[in-house]
Amino acid sequence: MCGIVGYVGKREAYPILIKGLHRLEYRGYDSAGVAVVSSGGSLNVYKCRGKVCDLENYTKDKDVSGTVGIGHTRWATHGEPNDVNAHPHYSESKNIALIHNGIIENYAVLKDALIENGYTFQSCTDTEVLVQLIEYIKSTTGVSLFEAVQAALKRVVGAYAIAVIEKGNYDEIIAARKSSPLVVGVGDGEFFLASDATPIVEYTDKVVYINDGEMARINRHKPLKVVTLDNQEAEIGIEKLEMSISQLEKGGYPHFMLKEIHEQPRTIVDCIRGRVTPDGENVVLSGVLANKEKFLNARRIIFVACGTSWHAALIGEHLIEDMCRIPVEVEYASEFRYRNPVIYPDDVVIAVSQSGETADTLAAVEVAKQNGAFIFGICNVVGSSIARATDSGAYIHVGPEIGVASTKAFTGQVTVMAMVAMTLAKEKGIMSQDEFREVAKGLQALPSLVSQALKLDEQILDLSKMFTYAHNFIYLGRGYNYPAALEGALKLKEISYIHAEGYPAAEMKHGPIALIDSEMPVVVLATANNIYDKTVSNIQEIKARGGRIIAVVSENDTRVKDIADYCITVPAAPECLMPVVVSVPLQLLAYYIAVHKGRDVDQPRNLAKSVTVE
Ligand code: G6P
């Protein structure tokens, strides 16, 4: 959600800012802008509606020189996406420029007060209020920009990551964060600033994560200074960035999403590496083992998550209840945080988040913390806010996910959840070694099973052409396959804009079956399991009403093949791991339908990869 980038040093800032904005575009892409202090000292702001390439066109004939600058790619919260509402925002005198990710909740009160003091506003954004407030404080009290930002932020209620620069100041960016991420890259006589490390990785591997409630003075001639809003000096921990540039490029694929779908055999290898022992006799998840008493004595486990991560959590519920006999609840983080939930100190709360930055999930973690629960994180982005806010956790290690529709992170999350369940089941001693070994061997085989499923690519490409006409889709599954059906439906609606709903197959007859006619494609996950026969009956019910059935079946299937209009055959895995295998054809189906419809697959309308506002 909104991407922030900044540079101060000896190089020209503009090319670094533009490249960084391209890297961050997945966070928001309705408008973009840059501000640069030119060699003559003027503060130039250029911004426009559209994508970063539109901004590049717009600035072609402009003076973009300067060695200090900030850039922004926007996902609108206050004010429609247009040129004026795009960031950076100028202050009244045009001496200060600011970019912001987040929401200033008390902006209306602050705005009224500033208007009374003669300030005028160009945009409908909450952000413009902040830059005006900074200027007001600076001009009325004579303090430095750093002090003015500090004073202004003390009056602000809400969430923010900001970067501020000033006319005539070639050396400095002031940055601050509360509930929105910011990371500083430390170079030789130069600094980089960004919402995440992706724009920084090609310049330096030394990074400092700014903590919540901290602000930074980033001056090219001075050591980095980080303080709290109350001016308490914070410790600066320089961390080494483990990321490669090739992970951030498409590698010959037309879209990041397709690349990420095809990466899954490797990402699952990375996910289980060093965790499942080669003989399949053990699973070692250190974050769980180090806190095993918390888990084993847990009254309940509560998952909190949003979007795709919430679907993965539903699978986690099955896995943990099934293997460990610990009661599990799965909560939408956005609901959990506001509904005064009952949380016991002996609950374990598992926060699941690819980005580790989702505002609602982070807030749910805080609520759980205040109630004394033990918090475990399942995140992808190393060093992210949720990863750092939790007591312990396990990374999914799938590498940067850039396509807005989550694919490899989902399968990584499910894989980690299987390992969490197995680790606990072993500790509890309630799973026979034979059963344990079967699932462990299944985990080891997953990369090759996913590779086999990826060979369906061409079949699904052909199949997808037949369904671009559809306005609605239904996805059905039961047991472990039910959350996979929800996720399949979400993938399709996110990137193709076709309305799609997922249901437990047996729930069909309680309402949704009324939607079935000969126009309605119904994707049914009907792989072999203990309720296969029931699923077959559900398929018959749809067939009897003329629905067009696309069934995902196991290799040895006989019955569904005779009923379904189209069959997608996937290899067998232990039932609890089947959501990973069946997800692959569903990801491909959504992808190819969206491509046929000419959609912007990696950056679908209205969405953002990382939702850092409520
Ligand atoms: C956004 C993304 C989804 C993602 C959800 C949760 O809505 O578009 O793909 O599943 O946020 O994100 P998280 O990073 O917490 O998993």
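1. In this predicted model, helices α10 and α14 are roughly parallel to each other, because angles under 35 degrees count as roughly parallel and the two pack at an angle of about 20°. Helix α10 covers residues 307–324 and helix α14 covers residues 408–428, with their axes 9 Å apart. The crossing of this pair is right-handed.

2. Sorted by class, the residues of the contact of α10 with α14 are 16 nonpolar, five polar and one charged.

3. Helix α14 also packs against helix α7, which spans residues 264–272. The axes of α7 and α14 come within 10 Å and cross at roughly 30°, and this pair is therefore roughly parallel as well. The crossing of α7 and α14 is right-handed.

4. From α7, the residues in this contact are Gln264, Thr267, Ile268, Cys271 and Ile272. They meet Lys408, Thr411, Gly412, Thr415, Val416 and Met419 of α14. By class, the contact of α7 with α14 holds five nonpolar, five polar and one charged residues.

5. A further helix pair is formed by α17 (residues 481–496) and α20 (residues 578–596), whose axes come within 9 Å and cross at roughly 20°. Helices α17 and α20 are therefore roughly parallel to each other, and α17 passes α20 in a right-handed crossing.

6. In α17, the residues that meet α20 include Asn481, Ala484, Gly488 and Lys491. Their partners in α20 include Met578, Pro579, Val582 and Leu586, together with Tyr591 and Ile593. The contact of α17 with α20 divides into 11 nonpolar, four polar and one charged residues.

7. The ligand has 14 residues around it, of which Ser309, Ser353, Gln354, Ser355 and Thr358 come nearest.

8. A polar side-chain atom of serine 355 lies 2.6 Å from an oxygen atom of the ligand. For glutamine 354, a backbone N or O atom is 2.7 Å from a ligand oxygen atom.

Conventions. Residues are numbered from 1 along each chain as its sequence is written. This is a predicted model: local features need pLDDT of at least 70, side-chain atom pairs count only at pLDDT 80 or more; totals for chains, interfaces and linings use all residues. Side-chain values use heavy atoms; hydrogens and water are left out. Axes are lines fitted to C-alpha atoms, for helices over the stretch in contact, and angles run from 0 to 180 degrees between N-to-C directions. Helices (H or I, at least four residues) and strands (E, at least two) are DSSP runs, numbered from the N terminus. Angles under 35 degrees count as roughly parallel, over 145 as roughly antiparallel, 65 to 115 as roughly perpendicular and the rest as oblique. A crossing is left-handed if the near helix is turned anticlockwise from the far one by less than a right angle, and right-handed if clockwise. Ala, Val, Leu, Ile, Met, Phe, Trp, Tyr, Cys and Pro count as nonpolar, Asp, Glu, Lys and Arg as charged, and the others, Gly among them, as polar. A residue is near a molecule or strand if one of its heavy atoms lies within 4 Å of it. A polar contact is a pair of N or O atoms within 3.5 Å; within protein, one must be able to donate a hydrogen and the other to accept it, and residues adjacent in sequence count only if both atoms are side-chain atoms. Contact means heavy atoms within 4.5 Å.
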